[in-house]
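Here is a note to read beside the structure. The points go from the whole chain to single residues.

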Amino acid sequence: MQNAKLIIYYEARNDILGNVKEYGLQPLLQMGKYLAEVCATVGELAEVNEECRNCPYFKYCASGCRAVALTLTGDKMGVDLSKCLFFKKGYYEKVVRTMGDFRNNTPINV
Ligand code: SF4
């Protein structure tokens, strides 16, 4: 289902990255078009995504994964709902507590 959403997204934009059978995966992944599609800086995300910019977990999450955001919201600069679930529903704190004596380099400070 999620792959179907992505295919529809790219077909609607007439933006096919290439035929993997014809070119192989590596050249297609290295093409600028692909990198331009999947890469966004934290600064760009903070600029365009108000929810992430104002989120107390932004410095840990950095808006999550662009592919997940695109798949689940239809917006590649949108929130990554899987990360929202992890951070906002207390899983991050649970993981930190579970780690016990392990050093936490990202202490909870929200
Ligand atoms: S938890 Fe959600 S809203 Fe907060 S920064 Fe991550 S993706 Fe954005």
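1. Confidence. pLDDT is the predictor's confidence in each residue, on a scale from 0 to 100. It matters here since this is a predicted model. The protein chain has a mean pLDDT of 82, and 81% of its residues reach 70 or more. Confidence is lowest in helix α1 (residues 2-12), with a mean of 65, and highest in α6, with a mean of 97. Where pLDDT is low, the predicted coordinates should not be read in detail.

2. Overall make-up. How many helices and strands does the protein chain have? There are ten helices and zero strands. Read along the sequence, the pattern is therefore one of α elements throughout, α-α-α-α-α-α-α-α-α-α. Of the 110 residues in the protein chain, 12% count as buried. Take the contacts between residues at least 6 apart in sequence: 37% of them join residues at least 24 apart.

3. The nonpolar core. In soluble globular proteins, nonpolar side chains tend to be buried together. In this model the largest nonpolar core has six residues, namely L45, C52, C55, A69, L70 and V79. One of them, V79, touches N49, E51, C52, S63, A69, T73 and C84, leaving out residues up to four places away in sequence.

4. The ligand. Which residues come nearest to the ligand? Of the 14 residues around the ligand, these are C52, C55, C61, C84 and F87. The elements that give two or more residues to the shell are α6 (50-53), α7 (58-61) and α9 (81-88). The largest share, four residues, comes from α9. By class, the shell holds eight nonpolar, two polar and four charged residues. C52 and C55 are named among the nearest residues to the ligand, and both also belong to the largest nonpolar core.

5. The loop between α7 and α8. Two residues here deserve a look at their backbone angles. A62 lies in the loop between α7 and α8 (66-73), and its phi is near 55 degrees, a positive value in a residue other than glycine. S63 has its place in the loop between α7 and α8; its phi is near 75 degrees, again positive in a residue other than glycine. Are these residues buried or partly exposed? A62 is partly exposed, because 16 other C-beta atoms lie within 10 Å. S63 is buried, because it has 25 other C-beta atoms within 10 Å. The cut-off for buried is 20 or more.

6. N49. The loop between α5 (42-48) and α6 is the place of N49. N49 counts as partly exposed because 19 other C-beta atoms lie within 10 Å. Apart from its neighbours within four places in sequence, N49 is in contact with S63, M77, G78 and V79. N49 and V79 are 30 residues apart in sequence, while their C-alpha atoms are 7.6 Å apart in space.

7. P56. This residue sits in the loop between α6 and α7. Why does P56 count as exposed? P56 is exposed because it has 12 C-beta neighbours inside 10 Å, and the cut-off for exposed is 12 or fewer. P56 and F87 are 31 residues apart along the chain, and 9.4 Å separates their C-alpha atoms. F87 is one of the residues that come nearest to the ligand.

8. Helix α10. How many of the eight residues of α10 are buried? The count is zero, and this helix (residues 91-98) is hardly covered. α10 is followed by G100, whose phi is positive, near 55 degrees.

Technical notes: Residues numbered from 1 in each chain as written. Predicted model: local features only at pLDDT ≥ 70, side-chain atom pairs only at ≥ 80, totals over all residues. Near = placed C-beta within 6 Å. Nonpolar A, V, L, I, M, F, W, Y, C, P; charged D, E, K, R; others polar. Core = buried A, V, L, I, M, F, W, Y, C linked by C-beta atoms within 7 Å. Contact = placed C-beta atoms within 7 Å.
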